[in-house]
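I opened the model to look up aromatic pairs, a surface patch and some backbone angles. My entries follow.

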Amino acid sequence: MTLIRASSPHARAGDNTARVMLQVAAATIPGVLALVVYFGIGVLINIALCTVTALACEAAVMKLRQRPVAFYLKDYSALVTALLLGIALPAYCVWWIPVVGTFVAIMLAKHLYGGMGYNPFNPAMVGYVVLLISFPVDMTRWVGPAELIHGAPGFGEAFSLVFGNYNVDGFTRATPLEIVRLNHSILLSQLYQSEPIFSQGTVAGLGWETASLGFLVGGLFLLLRRVITWHAPVAMLAALTLMSLLFYDAGSSLSKGSPLLHLFSGATMLGAFFIITDPVSGATSNKGRLIFGAGVGLLTYVIRAWGNYPDAVAFAVLLMNFAAPTIDNYTLPRTYGHKAPRRATDVEEQ
């Protein structure tokens, strides 16, 4: 009889890190395609620049730490970080914006703390926030939907905008969240009729709501594949919906926007299914994920409604990353056969 000589655990899961990361990357495809259709190939250029920079930084760090470079590149964690950051950046931003943001995400937010599994903050969101605070003008030049600017830039013009003469003022438009935040003097119904981005029967802005639906489809795919759990996304979307309902007054001049606007505009769906579900920087228990997701939804609305940043998902995620260790401390699951401890310190005393 042949003995099994493999070490424990003998029951092995079918998924590994690389497979999980590839599924996450594949789930972004519907949303990315919608962004490309409505906002042009600048989105793909951002993703490409972020990807090349991320892989180069990852390889350099592994070489410096005398680790096998190919082994760590094949877990695709750097690829997913680059993909999420590239999606979040304005299309056709100057080339060094994705490069600097990705460098910060990989070198500082990830490897400064020890690499994958040790980073307390979501690397993509750290890179995005650093760019937003450092280069606010460049990070607020959002390109309008192609239907409103009479066609998106072609290949030659796109590369000229990114690598040459950076002047996208002729293509830029305010985002739906910015329009609602800056126009408190008129009714929402009047705003929806006067603003072209809303005038084609959309509730969250032309192009923006289609991209959000794409990321929603991708998120449902991850749920069906059990790559993520429902707790954090549902809690975030429920909290954001509740807050927007409480302060929505059917469209007066002081209204902060309808629940549908907050759900299907900006980075809400991307954040709910691809950002806050990060198993490293988020909460670990199911109860903790509910609290973590609800906190992100609450903070997103507060910053959108009363802060200076129309789309506040990145700031909300980083603030809740600070709180994740405390949430885990008070939501530890009960060890089988033992009385549930009240705090993590009680575990150490036992």
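I looked up Y301 first. Y301 is buried, at 0% relative accessible area. My cut-offs: buried is under 20% relative accessible area, exposed is over 50%, and partly exposed lies in between, with a 1.4 Å probe and protein chains only. This is a predicted model, so I took local features at pLDDT of at least 70 and side-chain atom pairs at pLDDT 80 or more, while totals for chains, interfaces and linings use all residues. Residues are numbered from 1 along each chain as its sequence is written, and side-chain values use heavy atoms, without hydrogens and water.

**Aromatic pairs**

I paired rings of Phe, Tyr and Trp (six-membered ring for Trp) with centres within 6.5 Å; planes under 30 degrees apart are stacked, over 60 edge-to-face, the rest tilted. That rule gives 12 aromatic pairs. I checked Y113 with F121: ring centres 6.4 Å apart and planes at 70° make the pair edge-to-face. Y113 is partly exposed at 41%. F121 is buried at 17%. Next I took Y301 with W306. Their centres are 5.7 Å apart and their planes stand at 85°, so this pair is edge-to-face. W306 is partly exposed, at 46%. I also noted one aromatic cluster, formed by F39, W142 and W208.

**Nonpolar patch**

Which residues make the nonpolar surface patch? I found L242, L246, F247, L298, V302 and W306, covering about 570 Å². Patch residues have over 30% relative accessible area and no salt bridge; nonpolar side chains (Val, Leu, Ile, Met, Phe, Trp, Tyr) are joined within 5 Å, like charges within 9 Å. A salt bridge is a Lys or Arg side-chain nitrogen within 4 Å of an Asp or Glu carboxyl oxygen. Areas are Shrake-Rupley, 1.4 Å probe, and for residues only the protein chains shown count as cover.

Helices α13 (231-246) and α16 (286-306) each supply at least two. L242 sits in α13. Helices are DSSP runs of H or I, at least four residues, and strands are E runs of at least two, numbered from the N terminus.

**Positive phi**

Most residues other than glycine have a negative phi. I logged Q66, not a glycine, with a positive phi of about 60°. Q66 lies in the loop between α3 (42-64) and α4 (69-73). Q66 is exposed, at 72%. Y76, also not a glycine, has a positive phi of about 65°. I found Y76 in the loop between α4 and α5 (77-88). Y76 is partly exposed, at 28%.
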